[in-house]
Amino acid sequence: MKPVLEILEQRISKALRQTTGLAVCPAIVRPTADGRFGDYQVNGIMPAAKQLKTNPRQLAEKVVAQMNISDICQPVEIAGPGFINLRLKPEFLANALLEIYKDKKLGIEQTANSQTVVVDYSGPNIAKQMHVGHLRSTIIGDCVSRMLECLGHNVIRQNHIGDWGTQFGMLIAYFNHFYLNPSIAAHPGQDHYAVLNDSLRISDLEDFYRKAKELYDKDPEFAEESRRVVVKLHSHDLAIQSHWQHIVDESREHYQPIYKRLNVTLTSKDECGESVYADKLPDVVKTLKDKKLAVESVGAICVFPEGFKSKEGEPLPFIVQKSDGAFLYATTDLAAIRFRLQDLHANRVIYVTDARQALHFKMLFAVVKMAGWADESVKLEHVTFGTMLGADGKPFKTRTGGTVKLAELLDEAVERAKAVVDEKNPDLPEQQRQKIAQAVGIGAVKYADYSNNRDSDYIFSFDKMLAMDGNTAPYMQYAYARIRSIERKAEQEGLNIQKELTGICEILLSDPAEQALARQLIQYSQAILNAAADCRPNYLTGYLYELSQAFSRFYNVCPVLQSEGQIRAARLVLCDVTARTIRHGMTELLGIEVPEQM
RNA sequence: GCGCCCGUAGCUCAGCUGGAUAGAGCAACGGAUUUCUAAUCCGUAGGUCAGGAGUUCGAAUCUCUUCGGGCGCGCCA
């Protein structure tokens with residue numbers, strides 16, 4: 001089902017072109033900011049009139065005479081300097097609502113040109129626990145993936161895990177030095193790797209990591225040993241590699257449950273980390289050299305894309321091989337993007353990482369274009385986001401200044417939600433309260449992130465995100481629970497909603513609150529399109545909030561079960577479509593559960 | 001020094017290729033409950049959209065500039 005906005009845009013644009021003879025003059029139809037101006041307004045008359053040096057109101061009249069929207073809108077009104085105000089016909093609104101009611105996909109239109117879209121997100125570091133810094137990439141990327149998929153694109157998720165850096169040299173060297181070697185010395189002949197691997201947990205790893213880093217920084221001998229281990233790992237030394245594999249597996253055991261808690265769709269199948277590209281790096285550099293793009297500079301191999309300057313105003317290098325011969329993240333990113341373009345045949349590649357890496361990606365994309373790996377039609381995008389801040393406006397840290405572990409953050413959110421559920425709904429069984437707390441707590445954290453414009457930094461506050469008022473997960477969940485409650489009550493009273501609505505072919509929307517709710521409901525498809533186009537989940541949360549508000553207003557003035565006949569049928573349809581829309585938006589697109597009761 | 005992002009109500013934030021009198025929530029004040037979950041709804045008050053200049057029928061939005069905050073800029077990722 002085509003969004004109304006799109007139909008209006010097309011038809012009015014056509015009339016505008018016919019009237020003016022201009023090849024390009026969009027109607028620019030937008031929802032009105034103010035209800036007094038109707039449901040939609042046409043903004044495109046004035047720019048067109050400007051171009052033709054004619055009076056906008058007169059042009060508007062001609063366009064109105066030319067356009068054919070009488071099946072959708074009431075007689076239009078020309079207002080202000082040259083706006084055309086559009087009001088949907090009640091019959092049209094009712095029919096559109098009915099159509100959505102009958103559509104399993106709630107009127108969401110499948111895209112006509114489906115693309116293969118690679119979305120690179122989350123990318124946790126192996127051997128470290130996930131912390132709050134990983135939250136935004138993980139959930140924003142997940143929402144973007146879900147939205148694009150929902151619109152009919154072929155989404156390939158890529159979890160570019162950090163599993164190949166120098167940190168493994170340190171980690172394994174440290175481990176050998178302090179654990180393995182003493183163990184061998186004390187008990188020769190045992191399978192020490194197996195014993196140690198079994199006892200190695202992520203929390204240990206992290207501790208080792210910190211200590212190893214310290215040692216690495218102050219002990220040149222240990223640093224040298226670490227580098228030797230990295231070389232061994234990279235040359236596929238079996239013992240070292242099995243150790244590495246264990247660390248990777250152990251880390252996965254840590255972050256997969258977090259994905260599950262967060263209701264993030266990433267699975268181990270989506271993992272395609274640094275190590276996967278390790279063997280391709282020499283060829284990447286060679287290819288760039290062969291194309292005369294990569295050249296030596298101060299001992300390193302660099303590409304100099306146009307338009308990038310260093311502090312000194314000189315051309316800024318994109319270093320693909322260090323002077324010691326080692327490859328670095330730029331090389332890996334090149335190998336990865338080449339794979340995505342040439343082997344995965346991506347039409348669009350989206351990187352969801354924080355804004356600090358903007359320059360890196362600009363240069364990366366520039367090099368890709370120089371190398372000719374992507375044709376003009378391919379879109380390479382860096383979807384950036386700001387930092388999570390604490391109440392003091394500084395980067396979010398624990399009281400002692402450490403990084404906040406994601407698992408602990410989620411624990412606290414659930415704990416706080418549980419306290420509220422216990423207070424508000426003590427009669428529900430403990431197990432159910434626990435489940436609700438889970439949905440509310442985790443949902444609140446995710447929703448708070450989604451509802452902010454991703455460009456800006458935002459202040460993390462449990463109190464704000466768990467509030468029942470305002471643009472929060474609990475508000476949305478509450479609206480949903482109320483609808484389900486109506487349906488439960490109906491069933492208790494022996495009313496079979498399914499039966500009541502079977503074969504319904506006409507809806508009567510008489511109350512303004514009903515109409516307002518219906519108007520909101522038929523715009524769902526458009527809201528997803530807008531959010532997906534710019535990779536901005538906050539457009540979607542904004543829509544869902546307006547929807548829930550429209551529902552709450554309706555709920556307050558339009559009793560459902562006390563009403564009768566056609567009115568009750570219409571209200572039941574409104575409830576049904578609202579519930580399904582909220583559930584779809586929250587569950588399918590944002591990955592936030594909506595409890596049946598709360 | 002150069003580049004990117006940000007600056008909107010007391011606080012936290014929206015504002016969709018430029019559109020009409022800039023919107024929410026919190027906090028403050030006043031109302032609504034014999035009714036399907038009041039975790040709700042309605043109303044009042046609150047603004048030099050950081051400052052200035054420009055583009056134009058029209059600017060929070062585009063351009064330039066100043067100020068303030070954050071981040072980045074050759075072998076880390």
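Reader: What should helix α10 span at 1.5 Å a residue, and how far apart are its end C-alpha atoms?

Author: The expected span of a helix is 1.5 Å times one less than its number of residues, and helices (H or I, at least four residues) and strands (E, at least two) are DSSP runs numbered from the N terminus. In this predicted model, helix α10 (residues 238-262) has 25 residues and should therefore span 36 Å, which agrees with the 36 Å between its end C-alpha atoms. Residues are numbered from 1 along each chain as its sequence is written, while chains are lettered from A and ligands numbered from 1 in the order in which they are written. Local features need pLDDT of at least 70 and side-chain atom pairs count only at pLDDT 80 or more, whereas totals for chains, interfaces and linings use all residues; side-chain values use heavy atoms, with hydrogens and water left out.

Reader: Which residue caps the N-terminal end of α10?

Author: A polar contact is a pair of N or O atoms within 3.5 Å; within protein, one must be able to donate a hydrogen and the other to accept it, and residues adjacent in sequence count only if both atoms are side-chain atoms. Here Asp237 is the cap, with a side-chain oxygen 3.1 Å from the backbone nitrogen of Ala239, and just after α10 comes Asn263, with a positive phi of about 60°.

Reader: How many bridges join strand β7 to strand β8?

Author: Two strands pair if DSSP finds at least two bridges between them. Strands β7 (residues 294-297) and β8 (residues 300-303) run antiparallel and are joined by 4 bridges, with Val295 opposite Cys302 in β8. Their hairpin has 2 residues between the strands, and Val298 takes a positive phi near 50° there.

Reader: How many residues surround RNA strand B, and which are the closest?

Author: A residue is near a strand if one of its heavy atoms lies within 4 Å of it. RNA strand B is surrounded by 65 residues, the closest being Arg30, Lys50, Lys322, Tyr329 and Ser485. For Lys322, a polar side-chain atom lies 2.6 Å from a phosphate oxygen of the RNA, whereas for Leu561 a polar backbone atom is 3.2 Å from a base oxygen. Of the RNA atoms within 4 Å of the protein, 55% belong to sugar or phosphate and the rest to bases.
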